[in-house]
There are 2 protein chains.
Amino acid sequence: MEIPEKLLEVLKKDGVVAIATLGADGPHMVNTWNSYVRVAEDGRLLIPAGYFHKTETNIAANNHVLVTLGSSKVQGLNGPGTGFLIKGTAAFVTAGPDFEAMKARFGWARATLAITIDSATQTI
Amino acid sequence: MEIPEKLLEVLKKDGVVAIATLGADGPHMVNTWNSYVRVAEDGRLLIPAGYFHKTETNIAANNHVLVTLGSSKVQGLNGPGTGFLIKGTAAFVTAGPDFEAMKARFGWARATLAITIDSATQTI
């Protein structure tokens, strides 16, 4: 799907992204920085994975992910500050262009976490 | 438990907090701002709830929550930028001092989401 303009605006601002997966022992959550997220031409979110081991394990059994991100510096629905709730499916990519480009930028990346967006809802 | 100093430092910086709960239909995630979070004297995190309806429903059945927050402006384990993963249990409080104080500050608050911290792990 096409990424909302406002979400692209948020990615340009400083901030923390949260990524939730579900494992046998319940939800798990990890973070990355807005500035680390790259949007692929096909609209997937590409995120460098340094650790994310439990996220990888969870995704292997259930590839559904929730992602939230926001910025107080972008105009929202009720004034300054906006945020998004993204629902999607994720894969760990350890070879090919999506990984190589990430590895070139983030030497510590052991994989690219590629998220295909099903929905991106502006929550505020 | 005692809140780590660095977590208190993060709460003073601009940023987005993510709160994950688990429902029958999978994980759910909502956000608030670092600046909205108050730390009670007993160490609970108190957060104003405007919407959070699905979070409330989920918590009624399973009160475990995950919370992440961070700031690129606070020194972390590997340089600038730090983040925390909090595990805890949550309750919606709609009366008494924990609600009244929140309501006085945030007129739109319909409840206080009170989170008792089991663990707060600095992840970066």
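How many bridges join strand 1 (residues 16-23) of chain B to strand 5 (residues 64-76) of chain B? The views below take up this pairing, then the rest of the sheet and the contact between the chains.

**View 1. Strand 1 and strand 5 of chain B run antiparallel.** Three bridges join the two strands. One position can be picked out by its partner: B:A18 in this view has B:T68, in strand 5 of chain B, as its bridge partner. The model shown here and in every other view is predicted.

**View 2. Seven strands of chain B form an open sheet.** The strand order is 2-1-5-6-7-4-3, and the pairing is antiparallel. Strand 2 (26-33) and strand 3 (38-39) of chain B stand at the edges. Each has a single partner strand, so one side of each is left without a neighbour in the sheet.

**View 3. Strand 7 of chain B pairs with strand 6 (residues 79-93) of chain B.** The two strands run in the antiparallel sense, with 10 bridges between them. B:F84 has B:Q122 of strand 7 as its bridge partner.

**View 4. Strand 7 (residues 111-122) of chain B also pairs with strand 4 (residues 45-49) of chain B.** This pairing is antiparallel too, over five bridges. Here B:A49 stands opposite B:A111 of strand 7.

**View 5. Chain A meets chain B through 22 residues on each side.** Together the chains bury about 1900 Å², with 68% of that on carbon and sulfur atoms. On the chain A side, A:P27, A:M29 and A:W33 lose the most area to chain B. Those three residues account for 32% of what that side buries. The predictor gives the complex an ipTM of 0.94 and a pTM of 0.96. Chain A averages a pLDDT of 96, and 100% of the residues score at least 70.

**View 6. A salt bridge links the side chains of B:K73 and A:D14.** The N to O distance is 3.1 Å. The count of salt bridges between chain A and chain B is two. Six residue pairs are in polar contact across the two chains. On the side of chain A that touches chain B, strand 1 (16-23), strand 2 (26-33), strand 5 (64-76) and strand 6 (79-93) of chain A each give two or more residues. Strand 5 of chain A gives the most, with seven residues. By residue class, that side of chain A divides into 12 nonpolar, eight polar and two charged.

Note on methods
Residues numbered from 1 in each chain as written. Chains lettered and ligands numbered in written order. Predicted model: local features only at pLDDT ≥ 70, side-chain atom pairs only at ≥ 80, totals over all residues. Heavy atoms only, no water. pLDDT = per-residue confidence, 0-100. Contact = heavy atoms within 4.5 Å. Buried area = accessible area lost by both parts, 1.4 Å probe. Salt bridge = Lys/Arg side-chain N within 4 Å of Asp/Glu carboxyl O. Polar contact = N/O pair within 3.5 Å; in protein donor to acceptor, adjacent residues only side chain to side chain. Helix = DSSP H or I, 4+ residues; strand = E, 2+ residues; numbered from the N terminus. Nonpolar A, V, L, I, M, F, W, Y, C, P; charged D, E, K, R; others polar. Pairing = 2+ DSSP bridges.
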